[in-house]
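Please keep the sequence and the structure in view while reading.

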Amino acid sequence: MSGTLAKIAEIEAEMARTQKNKATAHHLGLLKARLAKLRRELITPKGGGGGGPGEGFDVAKTGDARIGFVGFPSVGKSTFLSNLAGVYSEVAAYEFTTLTTVPGVIRYKGAKIQLLDLPGIIEGAKDGKGRGRQVIAVARTCNLILIVLDVLKPLGHKKIIENELEGFGIRLNSKPPNIGFKKKDKGGINLTATCPQSELDTETVKSILAEYKIHNADVTLRSDATADDLIDVVEGNRVYIPCIYVLNKIDQISIEELDIIYKVPHCVPISAHHRWNFDDLLEKIWDYLKLVRIYTKPKGQLPDYTSPVVLPYCKTTVEDFCMKIHKNLIKDFKYALVWGSSVKHNPQKVGKDHTLEDEDVIQIVKK
């Protein structure tokens, strides 16, 4: 392990020494690729011994979405979690002796949302210290990450935590790079750019790919891409997760300062202790999770508005809905009747490929 860490430190030092300009872009690209490969070794241990990655700790996924909380020990994260879970809680805390307690599941707008504390993700977990690795495995499965910061010293902490998460291939509030990448058997590296590039040229792309022992591939740059973007696409194991910065302890600052914080993107100021502004935060959480609620209507009865079937926004077809209820449902499926914003008239007869929208009502008709 220490060998890899030493190599990482060496490359980071060399990158810090290297001035950024056109002449060095090529060299820096190479170093970044090497770094990405070494970091991956830390997160995914080489085979042999010690079980699989993240062995011995994975919290059973319950509910419709999972939110991970990250923050330094001193920022009031535990007060925040217990107050949030206390106010909206649905079940008592689970005990997970392996790592941590799960603060629980809250119910909001009919959806069950699991809250997970991700302890000790900081303090160099990405360098393989402590139980970092298991925590990361879980962090990568979250639908949303909340970074809890102390409003009096937010920026230093924010950087550290972001760097940690980035180091594990978690990309916050960003979309996958718009780069087409396809390996081939022969024909060399074929680079097409559909718009001007400020950082990547054929040389740099070739040297980054060579570092991955890729000598034949089609690469299409559809936006002004960086070396990091290209590396993310080649590594292919990045997860893109929305993130909200929760600034705690606002009872200790002035109204003027609060006004400024409100303008920072992805930020929500709260006071965990006084339970201030939880509503605002939950609203934003709901926005970022992009969940879709579908109400079911048994034949001849009124729709059940108390317990919606909740789907992630990328999987909202009638078929997805059926699969969420029971995998046999699709076998007997004849058609569905849908009321709501996804149809032109109410009710409308639809097939299994129809895409549902939030708060639609559905009745499944079986064969």
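**Terms and basis**

A residue is called buried when its relative accessible area is under 20%, exposed when over 50%, and partly exposed in between (1.4 Å probe, protein chains only). A salt bridge is a side-chain nitrogen of Lys or Arg within 4 Å of a carboxyl oxygen of Asp or Glu. The model is predicted, so that local features need pLDDT of at least 70 and side-chain atom pairs count only at pLDDT 80 or more, while totals for chains, interfaces and linings use all residues. Residues are numbered from 1 along each chain as its sequence is written, and side-chain values use heavy atoms, with hydrogens and water left out.

**A buried lysine**

K297, in the loop between β14 (291-296) and β15 (304-312), is buried yet has no salt bridge, the nearest side chain of opposite charge being that of D304, 12 Å away. A polar atom of the K297 side chain does, however, lie 2.8 Å from the backbone oxygen of Q301.

**Salt bridges**

The whole structure holds 18 salt bridges. In one of them K324 pairs with D64, with the closest N and O atoms 3.1 Å apart; this pair links distant parts of the chain, 260 residues apart.

D150 is buried, with a relative accessible area of 3%, and forms salt bridges both with K249, at 3.3 Å between the closest N and O atoms, and with K153, at 3.8 Å. K153 itself is partly exposed, at 45% relative accessible area.

Key:
Helix = DSSP H or I, 4+ residues; strand = E, 2+ residues; numbered from the N terminus. Lys, Arg positive; Asp, Glu negative; His and termini not counted. Polar contact = N/O pair within 3.5 Å; in protein donor to acceptor, adjacent residues only side chain to side chain.
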